[in-house]
Amino acid sequence: MFVNCAATCNACEMLDPAVRCRLDRFNQTSGLPEGGLDALFERMIQTADGQVEVLSRPPDGPWIVTIDGFLSDAQMEALVTTTMGKMERSTDDGAVSADGEVAKEVSSRRTSSNAWCMAGCEADRHVRALSGRIEALTGISRQHYEQYQVLRYDPSQRYVRHHDYVPRPGQTFAEPHGPRVLTVFLYLSDVESGGETAFTDLS
């Protein structure tokens, strides 16, 4: 908002990301529960509603856990029906401008379509119930979440090897939300082959 209407909002100083994104402007607490990621996942394994399988864990690798049966049919249907008409070509992050905005660029590295779960999607009662279940599963308040990003992959589409943490080379200011520390994948369809997520550094 400040970036797009700085003069109208009498906030031209907010065009400078070093000012706009100062951490002391935000009353943020840590999103991680006490004990950190290890305690979070140990509790998740014991209390998750569904069939839990631990694919990787420290010290041999990062935490990777699958939970079959976690989503209800109604929750899957709600995510799909509230976003399908809003799908656009997925983009990668591009350069960071002087005002701190990250450019979006179409890339051969990422060829899916996606839509963000906003407005009617976020307000849907089944989506709200899903958010509550994830909050209970992780012990992390939803105020620390990004909006759901709903992705569609048609045959031969892909997102090549990448990391969910996005570094900002040369950036001299902090991002108020901090780095991503956890990603929850929700698979909304089942196929005979393809569609998997590969962790290429793990044996």
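Mentor: We shall discuss helix packing, a pocket, a salt bridge and the backbone.
This is a predicted model, in which local features need pLDDT of at least 70, side-chain atom pairs count only at pLDDT 80 or more, and totals for chains, interfaces and linings use all residues. Residues are numbered from 1 along each chain as its sequence is written, and side-chain values use heavy atoms, with hydrogens and water left out.

Trainee: At what angle do helix H2 and helix H5 pack?

Mentor: Two packed helices are described by the angle between their axes and the distance between those axes. Here H2 (residues 36–47) and H5 (residues 125–138) pack at about 115°, their axes being 8 Å apart. H2 is therefore roughly perpendicular to H5 (a term for angles of 65 to 115 degrees). Helices are DSSP runs of H or I with at least four residues, strands are E runs of at least two, and both are numbered from the N terminus. Leu40, Arg43 and Met44 of H2 meet Ala136, Leu137 and Thr138 of H5, where contact means heavy atoms within 4.5 Å.

Trainee: Which residues line the second largest pocket?

Mentor: Rolling a probe the size of a water molecule over the atoms shows where empty space is left. On a 1 Å grid over the protein atoms alone, using a 1.4 Å probe, a pocket is an open set of points with protein on both sides within 12 Å along at least five of seven lines, and lining residues have an atom within 4 Å of a point. The lining includes Cys117, Glu122, Arg142 and Tyr148. H5 gives the most to this lining, with 3 residues.

Trainee: Which residue forms a salt bridge with Asp49?

Mentor: Side chains of opposite charge can pair when their charged atoms come close. The partner of Asp49 is Arg133, with the closest N and O atoms 2.9 Å apart; a salt bridge requires a side-chain nitrogen of Lys or Arg within 4 Å of a carboxyl oxygen of Asp or Glu. Asp49 lies in the loop between H2 and strand S1 (51–56) and Arg133 in H5, so the pair ties together parts that are 84 residues apart in sequence.

Trainee: What is the omega of the peptide bond joining Pro58 and Pro59?

Mentor: Most residues other than glycine have a negative phi, and most peptide bonds are trans. The bond joining Pro58 and Pro59 is cis, with omega about 5°. Ala119, although not a glycine, has a positive phi of about 50°.

Key. Axes are lines fitted to C-alpha atoms, for helices over the stretch in contact, and angles run from 0 to 180 degrees between N-to-C directions. Angles under 35 degrees count as roughly parallel, over 145 as roughly antiparallel, 65 to 115 as roughly perpendicular and the rest as oblique.
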